[in-house]
Amino acid sequence: MLLEQIAPDTALGRADSRWLPVPPGSVFAELQKIMPDEIPMVKLGLRVAKPLMPFVGDKPLYAQMLDAGFAVMGVMPLREVLLGRVGKLTGVFAPEPRVRDKRALNEYAVPGHVKTVLAFQLAQEERDGVKGTLVTFAVRIWGVDAKAQRLIKLAWPVGNAFGGKFASAWLVALDRRLSPTS
Amino acid sequence: MITDTLATIVGAANVVTDDAGRAFYSNDLSYTDVETAVIVVAPGSPEEVAEVVRVANEAGCPVVARGGGMSYTRTFVPTRPNTVLLDMRRLDKVVEVNTDDMYVIAEAGVTWEQLYLACAEHGVRTPFWGTLSGRYATVGGALSNNALFFGSTKYGSAAESVLGLEVVLAGGKTIRTGSWAHHSGTPFTRYYGPDLTGPFIADTGSLGIKTRVSLKLVQLPNASVGFAFSVPTFDASNELTLEIAKLGIATEVYGFDPLYNGVFADLGFSFLKGVDWTVFGIVDGANDAIADAGAALVRDLAARLGAEEIDPSVPMAVRADPFGAVRSVLMGPKGEVWMPIHGIFPKSKAKAAADAAVAYFDSKADLIAKHDIKLSLLTLASGTDFIFEPSFYWFDELGAFRLEKIEKEWADQWKTIPHVAETREVALGMRKELAAIFDELGAVHLQIGKWYEFQSQVEPAYAETLLALKRALDPDGLINPGSLGLA
Amino acid sequence: MITDALRAAIGAANVIEDAAEREYYSWDLSQEPLQVAEIVVRPGSAEELAAVVRIAHEQGIPVVPRGGGISYTQGFEPSVAETVLIDTTRLKTIEINAEDSVVIADAGVTWEELYLATSAEGVRTPYFGPLSGRFATVGGTLSQNSLFYGSGLYGTSADITTGLEVAGVDGKVLRTGSWAQRNGSPFSRYYGPDLTSLFLGDTGALGVKTRAALKLIPLPMANQAVSFAYDTFEQAYAALHEAAKLEIAAELFIFDPANHAIYRKLGFSFLEGVEWSLHFTVEGIDDAIVDASVDILRGIGTRAGGGGREIDPSLPLAMRADPFGGGLRGFVGSEGHVRLPVHGVFPFSKVPAAQRGVVELIARNQDVIDRLDLRITFLTAITRGYCVFEPVVWWPDSIGPYRARHAPEDAVAKFGSVPPNLEARAAGTGLRREIALLMSSLGGTHLQVGKWYPYRDSLEPATYETVAAVKHAFDPRRLVNPGSLGL
């Protein structure tokens, strides 16, 4: 897949998956509609600590990722959308994507900065006779140089845990939207 | 009787009535028996073609169209003595090279070389852009037969470059196909309602006589990179050829066997000495970056498959003089007759076809040795399909038609080579047997003509449908009777 | 009587006589219904489909094949009530042969289903579907001809077809191309006369397709998009034309200001202030090749047409991420309008005149358009070698049984009970027909000719007579979709 091709072996990352009982066709469309208040930790964060939150309440999360500096690095129809972003590890408020495509991300070389790629991956999987989709949120992050790489390693335990909760919650929100109501 | 009328239509100078002339035009390269046409006419325009057909058919005479004559399968040979044979080579105008809308209109008698040069002047070419015999082979003839080589790995056969046809039907009615048939239309697409273009392609002239064709244009590449690999076995050569083809980026990919590599080694490509099996090809690109990147992918693939990279000057030389090698597609290096037979296979059948051919030749080893028959195995990828062309070489009387196409010094040397009846019979017999072996494996063929088995090879529903179509377009069976086994 | 035979052949549950259901099946999207079929059948396999065709023919009852229902030109609407309408959507078998680069799909497979099945094996058809591909089926699309995804490189659905299986009037099943060889498989379209092409774009007039063989390519792993903004259509089109001739982009299209208004509401805020936008999607097996192609397109976009302004490429990327979901949006507008395209297929050079002509036509009808709340948007899209210019006429109306069943729930909830607006319908339909005639007069041809576009009038008589002769040969009793193509 595109994520595995772009990220070097030194990248740190995680992947969170959830199987949904629907074919892949509608998954990306719904994913892009999910609002912050469908993710409990984001909703809570917006209530109690709005100034600290990188998100606003009234725009879909996906669009806000793009606002936060992520750009689309590649699309494999109905299989994968790859986003990428560069900048400081702590810089979550970068309004403009510094890199607009895969080539620019690969060529980016500002010392101390990190590269983050996030993939939404779909795989068709049948379970109990239901043709469903395994949805995976996968992220890889690596440093432009050794210094940045060390910073990532330091921050990783916290970032990893937080990221995992966020990804899972996003997947649950997707499930809620797509699974037939019982 | 109709001779006078026909002479009036095409001009007296463009009519052949003497015995030798009629025999010359009635024969192709297949060394088989033919009926001799009652008259040969050379029309100078599509309108003259239509008139000739009308007059001939009205008199109950069948008609047959001949282009460059480069047929090994009796495509244009008459089967009835009262046949009017049309020599289409005077229809030699490139009518329009349209670089806004990317099509070229050519009369049916234009050769591939002529077409290529006319288009290249405008910075374009047709996607399929010719056969190795393209100095003589015409676009009309090539579309009647269907044809392969230049451009084929990327763009398929000649058929896939067609945008429309102008065809004279039995009785002399002219139709155009595709958007060309629209009152205010130009021939930029073949697809408008049911596509009538298709039946007249690869019909070996059975359903009508093509007078003009519209072919697609693409930009001439600004960069071309050759590649060449040596591999240890025939199987390895075929696997490499077809895997490169699957990348979808090479314009031509083809394979030479030890005989062909030997011939080229003797021509001066000394790095081929002792090299058995090779795979050659070209990657074209809109610029160096694209062509280089494509060539790098091909080389990576070849390395993964264990092939050794060699000097790429052979494919580059072929490209430098694409239509100049006529002698080597007509004859062997010592004046032997060259007689091909081919099969088109899906990738999954490539090995079976190769093994079957090799096994067949092994089983005939004594006969082959006794008659000094040589064999070459040429391969090509068309799209992702396997084109396999074993060829026979033997010494035989070359005949005027072959001799007039090669340089005088070679013609003078070789014109005295005699016909040896037994050798020819053995060679032609092996050709037939090998064709049957290929057909068992599900092969399809170009230029089916009156030589490849067809009616016995297709499902009854197809044969019936084709017959119904033939009856609809040619109720009296006066267009090339016998072609495709259609009466 | 016939119902008994049909029930026996395919099961009683698959023979539909309920009036409301038959009405649903007999309406297409055109808001111009013809007759309601007396019987609707839903065979479950290619064999059952062939049986149904045979049974109906034995009884002298016309059949009409229907795929996903995405027809705007009365394609499958019965001309006579005594019709057996065949819904092919239960035919879902897909056989992938990645080694031979061919997939055999039943007629009822949707393009989305086909893409999902093949992409799971790392391959896909080169052209991989229309925007309506969640509903449009392979059989229906091959009858109509269509384009979009991948078309800039690989052409239309017709261009990727290597063989067809067609149920004949006598129950015999015709296979075409190499599929017709008794030991063959459908890897090559060209084996003798190309009969496949007769059934491509026939809008179901010449036979009922049961299965189709389509080419496969490896999934391209590299992909990018690049987009530009221009002030006028002429400027955007100049860049589109230049880029199209290079054949390096998979999709190339222009959106108009009215389309932007719709997309801005969907969140594409960068379209603020953008008049006309031009979009390219580039794909390939390797980043280096894609990067180099994007560089070329970026050069064209910023220079041609007076120079465009590069904008965020998320529109074409969003389409690629959800290729077939957008089609749903097209059924009912946000204010309840039904949406009816009408197009012309043009060579590149004729599009500007067509666009100007349509703009003038709209201006002449502005009063009616304003009064009855009609809207017109434009889509201009490239397929390899030429261009489709597609105005879309919107008008307020009842949404009809097809939209009621398949449009998004919220749209149906809101607009499902809107009564017919016959005045707007007449005006909208009339406008569509005027646009069609205008485009035909300018040399435009059409996809999905059906019973609607001026096919017969547009053609030279000799060609139409030949189409009619083919129809007569294949369907002498006019029992296959009578009225289609005017036959």
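**Domains, helices and a chain interface**

Visitor: How far apart are the centres of domain 2 of chain C and domain 4 of chain C?
Guide: This is a predicted model, where local features need pLDDT of at least 70, side-chain atom pairs count only at pLDDT 80 or more, and totals for chains, interfaces and linings use all residues. Residues are numbered from 1 along each chain as its sequence is written, with chains lettered from A and ligands numbered from 1 in the order in which they are written. The bounds come from an automatic or database domain assignment, which puts domain 2 at 94-218 and domain 4 at 326-453. Taken over C-alpha atoms, the centres of domain 2 and domain 4 of chain C are separated by 28 Å.

Visitor: How do H1(B) and H3(B) run relative to each other?
Guide: Helices here are DSSP runs (H or I, at least four residues), and axes are lines fitted to C-alpha atoms over the stretch in contact, with angles from 0 to 180 degrees between N-to-C directions. H1 (residues 2-10) and H3 (residues 46-58) of chain B pack at about 170°, axes 10 Å apart. Angles over 145 degrees count as roughly antiparallel, so H1(B) and H3(B) are roughly antiparallel.

Visitor: Which element gives the largest share of the side of chain B that touches chain C?
Guide: Contact means C-beta atoms, placed from the backbone, within 7 Å, and 70 residues of chain B touch 72 residues of chain C that way. Helices H7 (234-247), H9 (288-304) and H17 (460-473) are among the elements of chain B that each supply at least two residues. The largest share, 8 residues, comes from H17(B).

How values were computed: Angles under 35 degrees count as roughly parallel, over 145 as roughly antiparallel, 65 to 115 as roughly perpendicular and the rest as oblique. Two residues are in contact if their C-beta atoms, placed from the backbone, lie within 7 Å.
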